[in-house]
Amino acid sequence: MTDATLSPPRFRHLGLPSYVVLLVVLALVVSSVAATAPSADKLVRGITRLFAPSGLFTQMVPPDFSRIEPISWKLLETLQMAVAGCFLGLIFAVPFAILATDRLSPHPVVRSIARAVIALFRTVPDLVWAIIFIIIMGLGPAAGVMAIMVDKIGFAGRFFAEAMEETDPGPQDALRAIGASRLGVIVSSVFPACLPSFTATSLFALEKSVRGSAALGLVGAGGIGVDLKVAFDLFNYDEALAIILLMLALVIAVEQGSGWIRRKLI
Amino acid sequence: MNALILPSRALAGSTLVEPVLAVAGLTKVFSGREILQGLDFALSPGQSTALIGANGSGKSTLLRCLVRLVEPTSGRIAMLGQDVITLRPHELRRFRARVGIVWQRHNLVPRLSALSNVIHGVQARMSGPRAWFQSLAPADVRAEAMTCLARVGLADRASARVDSLSGGQQQRVAIARMLMQRPAFILADEPDASLDPQTGQEVMELLLGLVRQDGLSLLVISHRLEHTLAYSDRILGLANGRIALDLPTVQANAAALRRFFDHEGAA
């Protein structure tokens, strides 16, 4: 066999730094699992307790739908919180995204500030935002709407900015060459090009808002989460299961609906 | 505006007519490399001028410098009676509105209709939502846009999304958008480059028609020898960032021009 027919080595040769990185990652994984993951016997004991005659599962089944009417109204409030917060978040995400986009931002400093704000909104969990707005605005759905809005500015702001970043600069340059204003270039060239991406992001944001809004009630920010917390606190586990199942139905319905819209529009 | 000192070539060529474009000592340096090396030329109004040269000779850079899409390093440009170099941003916007540019890539907004894309041309003199989409445009703007589409033979495709049109049709929509600007000067950067020979010829005929019928001035880059000879009144040849050829098209011979289309022309 000649040298020309020799196949390349099966694995790329790794240098010492690569081995050190691998070792560190491996050590991190092993130590994390050892420190925090449940032991096998603890897991077995937990599962046994779950299905015991007085266990959580036994008390949850069958679900209690006797309070379905008030729960349904709370579910509607949850959906309304999600829609309102998501809508406001998407609206405010657009200017933040424009300011955070390289080609559209008026100044690099403005771009850096906009990116930092978006990162802050995205990094802090919505439950923390909910607590902050409860302190500011008091208990109730308004705090939930504000929390969802801020979370969505962070979520959609990032994806909107990325979509605008990836658009073909040609049509924008052509309009700039015509003498079009900055706003004219953005609305008549950038937005139409980003429409599919904006639509997909907005629908994902709505799904995320519905899932999130159910949990916001756990800290008092309105919606069905309040009822879920009360049910658990009063050991009404069968009613808690009914609420969880109804929340699941709402989330699945919204996901199916947004998936259908996405397929139709994009 | 102070009278610009015109280059001697322009004075020798046309002393009776105020030039529509006068360039003096124009240079452009990119990363230490001199792309344009002190260009001097002037163009008479109502003429079609072909700009030829090998790849990398600086043709596209020159076109972009003329409207300051690329800022020149030094030199002076007088176009349509304005000192282009000294224009402030808002003045530059108004000036650009009078210069129509046809790009090699049509640069239309793909998801919008042909009519909306043509209406974008009105942003040269109108701003706000009425200039953004055909559905919001006033009746007179829509009528003018339809006239521009009819002029390029595409009135029947006004509602079609431009990404559903052929390459030649898209280029014609881009020309209609440019007409919507009501330009006084047209810069065309290889408008025939990505088109088949027949369609390329139609686009060049369309541009020449604007010169002959509307009295517009045209500076067009083309890599096709036959188009250069057929659709221009004057030929400027660029080599190594300098004007290496300047003659009326009637005096040009194909063999002499050929070298500007190959790499030897740039050498």
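Two strands are said to pair if DSSP finds at least two bridges between them. Strands themselves (E, at least two residues) and helices (H or I, at least four) are DSSP runs, numbered from the N terminus. In chain B, strand β6 is joined in this way to strand β7 (residues 185-189) by 4 bridges, and the two run parallel.

The model is predicted, so local features need pLDDT of at least 70 and side-chain atom pairs count only at pLDDT 80 or more, while totals for chains, interfaces and linings use all residues. Residues are numbered from 1 along each chain as its sequence is written, chains are lettered from A and ligands numbered from 1 in the order in which they are written, and side-chain values use heavy atoms, with hydrogens and water left out.

**The six-stranded sheet of chain B**

- An open sheet of 6 strands has the order β6-β7-β8-β3-β9-β10 in chain B, with mixed pairing.
- β6 (99-102) and β10 (242-248) of chain B are the edge strands; each has a single partner strand, so one side of each is left without a neighbour in the sheet.
- On average, neighbouring strands of this sheet are turned by 15° against each other, direction ignored.
- B:Gly100 has B:Ile186 of β7(B) standing opposite.
- Helix α2(B) packs on this sheet and touches β3 (48-52), β7, β8 (217-221) and β9 (234-239) of chain B, where contact means heavy atoms within 4.5 Å.
- The direction of α2(B) makes about 150° with that of β7(B); axes are lines fitted to C-alpha atoms, for helices over the stretch in contact, and angles run from 0 to 180 degrees between N-to-C directions.

**The four-stranded sheet of chain B**

- A further open sheet in chain B consists of 4 strands in the order β2-β1-β4-β5, and its pairing is antiparallel.
- At its edges stand β2 (33-43) and β5 (82-83) of chain B, each with a single partner strand, so one side of each lacks a neighbour in the sheet.
- Helix α2 (residues 59-66) of chain B packs on this sheet as well, touching β1 (21-30), β2 and β4 of chain B.
- The antiparallel strands β1(B) and β4(B) are joined by 5 bridges, and B:Ala24 has B:Arg76 in β4(B) as its bridge partner.
- Strand β4 (residues 74-79) of chain B is joined to β5(B) by 2 bridges, and the bridge partner of B:Met79 in β5(B) is B:Gln82.
- The hairpin of β4(B) and β5(B) has 2 residues between the strands, and B:Leu80 in this hairpin takes a positive phi near 50°.

**The interface of chains A and B**

- In this interface, 20 residues of chain B are in contact with 22 residues of chain A.
- The buried area, which is the accessible area (1.4 Å probe) that two parts lose on being put together, summed over both, is about 1,700 Å², and carbon and sulfur atoms give 64% of it.
- The interface holds 1 salt bridge, a term for a side-chain nitrogen of Lys or Arg within 4 Å of a carboxyl oxygen of Asp or Glu.
- This salt bridge links the side chains of A:Asp168 and B:Arg105 (2.6 Å, N to O).

**Salt bridges in the whole structure**

- Over all chains, 24 salt bridges are found.
- One of the salt bridges joins A:Arg67 to A:Glu239, with the closest N and O atoms 2.5 Å apart.
- A:Arg67 lies in the loop between α3 (56-60) and α4 (68-100) of chain A and A:Glu239 in helix α11 (residues 237-265) of chain A, so the pair ties together parts that are 172 residues apart in sequence.
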